[in-house]
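Trainee: I have a structure to read. Where should I begin?

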Amino acid sequence: MSATERASVDAREIERFSRMAATWWDARGPMAALHKLNPVRVGYIRDEVAGYFGRDARKLDCLKGLRMLDIGCGAGILSEPLARLGAEMVGADPAEENIEAARAHAEEGELSIDYRATTAEALAEGGERFDVVLAMEVVEHVVDVTDFIRTCASMVKPGGLLVGATLNRTLKSFALAIVGAEYVLRWVPRGTHQWDKFVTPQEFESAIELNGLRVIGERGVVFNPFADRWQLSSDMDVNYMLVAARDNAGEAA
């Protein structure tokens, strides 16, 4: 079976996000919520990765020399700031329209990012390996979470990291992420998320550990309405991020 045939991407999800390609970089458009979330994502990745690899997170090039994969990169909202911190970024997205938008925006910013219209499965089958694999706000959109995480884990080098972010499957997340964010506040277009595809921390951690990595950190992410920004929290009931490491002696699956 080819990588395309066993890809965990959902064709309906690809079509929906492809339609947003032209507006990915509009901070007031359909991706406004992602733009507002991005600073806390970048800060978490920077601090966790720099700390793990013995770098000074305060330095502007603290990720220099680290090869990083951003799976489901869209138009590059996350890839670009990490590239500015020195990371050797590879951005992968199955939607060609998103990759075209990502390439155009990176060119405008004079950034060198290796964007590819492909799937995680195809990259893994091609023998690609990375110091850091990012699966940010993507596991809740795939067909098979377990297979997808297995694929992600297989691309983490010995001594490398997997960083993930997703939504917890709780009544609270249904109220806030579905009813609140999509229908009341209209932060994201209706139908962006399906509650039954949300992933609990226990499910995420179990899939990661079954594939030779160990979770070394996790944090919740909550919205502070008074500061009008997202911030890290101990509350993982709705949004959360985690980081997992593959031991130096380990072999990629």
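Mentor: Begin with exposure: buried means under 20% relative accessible area, exposed over 50%, and partly exposed in between, using a 1.4 Å probe and protein chains only. This is a predicted model, where local features need pLDDT of at least 70 and side-chain atom pairs count only at pLDDT 80 or more, while totals for chains, interfaces and linings use all residues. Residues are numbered from 1 along each chain as its sequence is written, and side-chain values use heavy atoms, leaving out hydrogens and water.

Trainee: Is arginine 67 buried, partly exposed or exposed?

Mentor: Partly exposed, at 22% relative accessibility. Glutamate 128 is buried, at 17%.

Trainee: How do I read a salt bridge?

Mentor: Side chains of opposite charge can pair when their charged atoms come close. Here the cut-off is a side-chain nitrogen of Lys or Arg within 4 Å of a carboxyl oxygen of Asp or Glu. The whole structure holds 14 salt bridges. One of them joins glutamate 128 to arginine 67, at 2.9 Å from N to O. That pair links distant parts of the chain, 61 residues apart: glutamate 128 sits in the loop between helix H5 (120–125) and strand E4 (130–136), and arginine 67 in strand E1 (residues 67–71). Helices (H or I, at least four residues) and strands (E, at least two) are DSSP runs, numbered from the N terminus.

Trainee: Which residues are linked with these two in a network of salt bridges?

Mentor: Asp114 and Arg116 join Arg67 and Glu128 in that network. Aspartate 114 and arginine 116 form a salt bridge, with their closest N and O atoms 2.8 Å apart. Aspartate 114 is partly exposed at 33%, and arginine 116 is partly exposed at 21%.

Trainee: How is a sheet read?

Mentor: By its strand order. Two strands pair if DSSP finds at least two bridges between them. In this model, an open sheet of 8 strands runs E3-E2-E1-E4-E5-E8-E6-E7, with mixed pairing. Strand E3 (114–116) and strand E7 (229–233) are the edges; each has a single partner strand, so one side of each lacks a neighbour in the sheet. E4 and E5 run parallel and are joined by 6 bridges. Phenylalanine 130 has valine 156 in E5 as its bridge partner.

Trainee: What about nonpolar cores?

Mentor: A nonpolar core is a set of buried Ala, Val, Leu, Ile, Met, Phe, Trp, Tyr and Cys residues joined through side-chain atoms within 4.5 Å. The largest one has 42 residues; Ile45, Leu63, Met68, Leu82 and Leu134 have the most contacts inside it. H2 provides its largest share, 7 residues. Apart from it lies another core of 29 residues, among them Ala124, Val199, Ile208 and Leu213.

Trainee: What does leucine 63 touch?

Mentor: Contact means heavy atoms within 4.5 Å. Leaving aside neighbours within four places in sequence, leucine 63 has contacts including Arg46, Val49, Met68, Leu82 and Leu85.

Trainee: Which residues of helix H6 (residues 145–154) are buried?

Mentor: Phe148, Ile149, Thr151, Cys152, Ala153 and Ser154. The buried residues of H6 pack against E1, H5, E4, E5 and helix H8 (201–209).

Trainee: What happens at the start of H6?

Mentor: There, a side-chain oxygen of aspartate 144 comes to within 3.1 Å of the backbone nitrogen of threonine 146.

Terms used:
A polar contact is a pair of N or O atoms within 3.5 Å; within protein, one must be able to donate a hydrogen and the other to accept it, and residues adjacent in sequence count only if both atoms are side-chain atoms.
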